[in-house]
Amino acid sequence: MNHTTPRTDPRVVRTRELLKDAVVELMEEMNVQKISVNRIAERAKINRVTFYLHYKDIPDMLEKMADEMVEDITRVVNSNDAGNSEPGEHEDWPVLENLLKYIAENARFYKTVLTSRRSSIFSDRLFNLIADMIAARVEKRVGAADTSQVSIQKDVATWYGSAALIGTIIAWLRNDMPYTPSYLAKQITSLRSK
């Protein structure tokens, strides 16, 4: 029995990239509500019917783009996480640096989907993903610490950490990334240890 995963046709991948790029371009120019399938198809230089071969409608496309974003970030974060056993600031810095490098490499996409008020699906998904990651780390730390010493509720720590990190990333993107991912990761890690 063959257990290999089926390869996606390169034409399908290319068409989806064209569609994604077209949506990002249009989101830079207008509100999501004003974007039509015709505009996307025209910008991507494809046929309208081709759009419908890949997506039901624009909300479906945005959902799938948000799912891909979460998968990509999870992959980036987990690529560093595998070798770490003890929670601590020294493990957080490389994970955060890789996340920021990935965001910087895809700055146009992230700047558009996170800094515009045109669609909250991306920031909501990112918040949930980061909150889950922080909650897991808080749980590890609380499990390793004497619980009588812990006075902050886990959910409060998770909300605060998620909002602070995402807010910092958004401000960094809005200001055209004035700091390198490495420097920003060190700064954020230093703030957390104070």
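Predicted model: local features only at pLDDT ≥ 70, side-chain atom pairs only at ≥ 80, totals over all residues.
Biologist: Where do D60 and K64 lie?

Modeller: Both are in helix α4, which spans residues 58-81. They are four residues apart, about one turn of the helix. R75 and D72 also form a salt bridge, with 3.4 Å between the closest N and O atoms. That pair lies in helix α4 too, three residues apart.

Biologist: Is D60 buried or exposed?

Modeller: Buried means under 20% relative accessible area. D60 has 14% relative accessibility, so D60 counts as buried. K64, at 35%, counts as partly exposed, and D72 is partly exposed as well, at 22%.

Biologist: Which residue forms a salt bridge with E63?

Modeller: The partner is R125, with the closest N and O atoms 2.3 Å apart. E63 lies in helix α4 and R125 in helix α7 (residues 121-144), so this pair ties together parts that are 62 residues apart in sequence. E63 itself is partly exposed, with a relative accessible area of 35%.

Biologist: Now pockets, please. Which residues line the second largest pocket?

Modeller: First, the general idea: rolling a probe the size of a water molecule over the atoms shows where empty space is left. In this structure, the second largest pocket holds about 150 Å³ of space. Its lining is made up of V13, R16, E17, K20, Y55, M65, E68, E71 and D72. Helices α1 (10-29) and α4 each supply at least two of the lining residues.

Biologist: How many of those lining residues are charged?

Modeller: Six are charged, three are nonpolar, and there are no polar ones.

Biologist: One last thing: which residues does the UniProt annotation "DNA-binding region" cover?

Modeller: That annotation comes from an unreviewed UniProt entry and covers residues 36-55. Such annotations may be inferred rather than shown by experiment. In the model, this stretch is 75% helix and 0% strand. The C-alpha atoms at the ends of the stretch are 13 Å apart.

Key: Residues numbered from 1 in each chain as written. Heavy atoms only, no water. Buried < 20%, exposed > 50% of the residue type's maximum accessible area, 1.4 Å probe, protein only. Salt bridge = Lys/Arg side-chain N within 4 Å of Asp/Glu carboxyl O. 1 Å grid on protein atoms, 1.4 Å probe; cavity = no way out; pocket = protein on both sides within 12 Å on 5 of 7 lines; lining within 4 Å. Points joined across faces, edges and corners; volume = space filled by probe spheres on them. Nonpolar A, V, L, I, M, F, W, Y, C, P; charged D, E, K, R; others polar.
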